[in-house]
Amino acid sequence: MIKGVIKQHKTAPQSALISKLNPIIRGWSNYYSGVVSMETFSKLDNIIWQMLRAWTISRCGKASYEKLGNYFHKGTVKLSHGKERQESWLFKTKDGLQLWKHNWTQIVRHTLIRPDATLYDGNWTYWATRKGQAIDTPNRVAKLLKKQKGRCSWCGQYFAPSDLVEVDHIIPRNHGGKDEYKNLQLLHRHCHDDKTAFDNANAVSLTMEQSD
Ligand SMILES: [Zn+2]
């Protein structure tokens, strides 16, 4: 795709080429920031550099450093996390319009959850909103998460963002439990299954005791 755009802009001004490429590069690198490594991004930038160098040479004849210097500049960029980075090349117009680089996008890594780590502190609502769509109202989940300090009441483990979580009635509704906060808890889905089986078994034994 990038190759095609560069080809199409063989005789176009540098600014037109940059304006066309930037959204592609930014979009692509944002989309893949969770999957690929910084090395991949740097490799891509390197490939683009080679293509742009060829683009430049094709328009100003045999490469002279002077001519290339009109298109490529050394410089410093400020990245989204606030740090500055020294760049050995920027594809940049005299007006300061510059080509975006893949490796300016931060790589997002989903960190593994350690059981002793305190999770989601102060971020309950965000998390509940994320998880909440399928299971319950975000507000209710957020409140329960906070109350349980992020742990499942059945197994005692911290909830991980990938876990399926459900709202459980501590005293089941069909055993007379009410739909109110003090009778609610968050459980892993598989823990909820265990607990329901346990509740039912208890109900059976209760019934048997009563019928004795
Ligand atoms: Zn659990």
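Author: The account below turns to helix α2 and then to its setting in the chain. This is a predicted model, in which local features need pLDDT of at least 70 and side-chain atom pairs count only at pLDDT 80 or more, while totals for chains, interfaces and linings use all residues. Residues are numbered from 1 along each chain as its sequence is written, and side-chain values use heavy atoms, with hydrogens and water left out.

Helix α2 covers residues 14-32, 19 residues in total; helices (H or I, at least four residues) and strands (E, at least two) are DSSP runs, numbered from the N terminus. From first C-alpha to last, α2 reaches 26 Å, close to the 27 Å expected at 1.5 Å a residue, where the expected span is 1.5 Å times one less than the number of residues. A kink of about 25° lies at Leu 21, shortly before Pro 23; the bend at a residue is the angle between axes fitted to the seven residues ending there and the seven starting there.

Leu 21 is also one of the buried residues of α2, which include Leu 17, Ile 18, Asn 22, Ile 24 and Ile 25. Buried means under 20% relative accessible area (1.4 Å probe, protein chains only). The buried residues of α2 pack against α1 (2-8), α3 (38-60) and β2 (84-91), contact meaning heavy atoms within 4.5 Å.

In the chain as a whole, there are seven helices and four strands, and 37% of the 212 residues count as buried.

Conventions
Buried means under 20% relative accessible area, exposed over 50%, partly exposed in between (1.4 Å probe, protein chains only).
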